[in-house]
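Thanks for coming, everyone. Please look at the sequence and the structure while I talk. I will go through it site by site.

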Amino acid sequence: MKGIRKDTDVEGIPAKTSLHKAPMIIFFLGILVLILFFSGYRLSGLDAAKAHFDVGKDAESFGEVDIGWGRVYLLDTANGPRTVGCYKAGVLWRCPVSFWFYNNSAEAVQTVGWMSWTNGENEQVTIMAVKTIDPGVAYIKAGQPSERIQKNISIGIPIIFNWSNAMFGYSLNPVALDP
């Protein structure tokens, strides 16, 4: 039998293999995954939106807007509609902002979503979602005078307006129009 080197065990396998480091690497990766999970990071934007503390996993999406640098989700929750802003960080999504709007369901035209958000890179978005229960309303017009948008509306189906700059809600001046 040949002599066994000091840095090997009986079978000739190196004594200090990467197998000894694997449990530590797996442990630290597990800790990293847990930290990201509890910080709200998810693999999809919708999952990240539902992970927001103000939303909940049982929320139902009724709209989504791709804003280039992120996404905005409009969600029905047990506590009313929520508008949630998300951005992608590497392969993961995170949703740091959620807006809610008091909704009086007896109103003929209802705002069911609103958000005006500026991210850390000074990119901006304003979102407004409206629905109606009034058959006499055919169009909604909204926006500042230089950026006014008109959209057709159907009973019970939300329509979503979006602008690529931050605006105050009162400056949108939404108007319901008959046919």
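**A buried asparagine in a loop**

At 14% relative accessibility, Asn-119 counts as buried, because buried here means under 20% relative accessible area, with exposed over 50% and partly exposed in between (1.4 Å probe, protein chains only). Before I go on, the ground rules. This is a predicted model, where local features need pLDDT of at least 70, side-chain atom pairs count only at pLDDT 80 or more, and totals for chains, interfaces and linings use all residues. Residues are numbered from 1 along each chain as its sequence is written, and side-chain values use heavy atoms, with hydrogens and water left out.

Back to Asn-119. Its place is the loop between strand 5 and strand 6. Strands (E, at least two residues) and helices (H or I, at least four) are DSSP runs, numbered from the N terminus. What does the side chain of Asn-119 reach? A polar atom of that side chain lies 3.0 Å from the backbone nitrogen of Glu-121. The side chains of Asn-119 and Glu-123 are joined by a polar contact of 2.7 Å. A polar contact is a pair of N or O atoms within 3.5 Å; within protein, one must be able to donate a hydrogen and the other to accept it, and residues adjacent in sequence count only if both atoms are side-chain atoms.

Asn-122 is also in the loop between strand 5 and strand 6. Asn-122 is exposed, at 56% relative accessible area. Its phi is positive, about 65 degrees, although it is not a glycine.

Asn-173 sits in the loop between strand 9 (159-163) and strand 10 (175-177). With a relative accessible area of 44%, Asn-173 is partly exposed.

**The cores**

Which residues touch the most other members of the largest nonpolar core? Ile-67, Trp-117 and Ile-127 do, out of 13 residues. A nonpolar core is a set of buried Ala, Val, Leu, Ile, Met, Phe, Trp, Tyr and Cys residues joined through side-chain atoms within 4.5 Å. Strand 2 (71-77), strand 5 (109-118) and strand 6 (124-132) each supply at least two residues of this core. Another core lies apart from it, with 12 residues, including Ile-140, Ile-159, Phe-161 and Leu-172.

Take Ile-67 on its own. Leaving out residues up to four places away in sequence, Ile-67 touches Val-72, Trp-117 and Val-125. Contact means heavy atoms within 4.5 Å.

Gly-85 belongs to strand 3. At 0% relative accessibility, Gly-85 counts as buried. Gly-85 and Ser-116 are 31 residues apart in sequence, and their C-alpha atoms are 9.5 Å apart.

**Aromatic pairs**

How many aromatic pairs does a search of the whole structure find? Five. Rings of Phe, Tyr and Trp (its six-membered ring) pair if their centres lie within 6.5 Å; planes under 30 degrees apart count as stacked, over 60 as edge-to-face and the rest as tilted.

Trp-69 and Trp-117 have ring centres 4.9 Å apart and planes at 55 degrees, so this pair is tilted. Trp-69 lies in the loop between strand 1 and strand 2, and Trp-117 in strand 5, so the pair ties together parts 48 residues apart in sequence. Both Trp-69 and Trp-117 are buried.

Phe-161 and Trp-163 are stacked, at 6.0 Å centre to centre and 5 degrees between the planes. Both Phe-161 and Trp-163 are buried.

**Salt bridges**

The whole structure gives two salt bridges. A salt bridge is a side-chain nitrogen of Lys or Arg within 4 Å of a carboxyl oxygen of Asp or Glu.

One joins Arg-82 and Asp-54, with the closest N and O atoms 2.9 Å apart. This pair links distant parts of the chain: Arg-82 is in strand 3 (residues 80-89), and Asp-54 is in the loop between helix 2 (45-51) and strand 1 (60-66), 28 residues apart. Arg-82 and Asp-54 are buried.

Arg-71 and Glu-64 form a salt bridge too, with the closest N and O atoms 3.3 Å apart. Arg-71 is partly exposed, at 25% relative accessible area. Glu-64 is partly exposed, at 45%.
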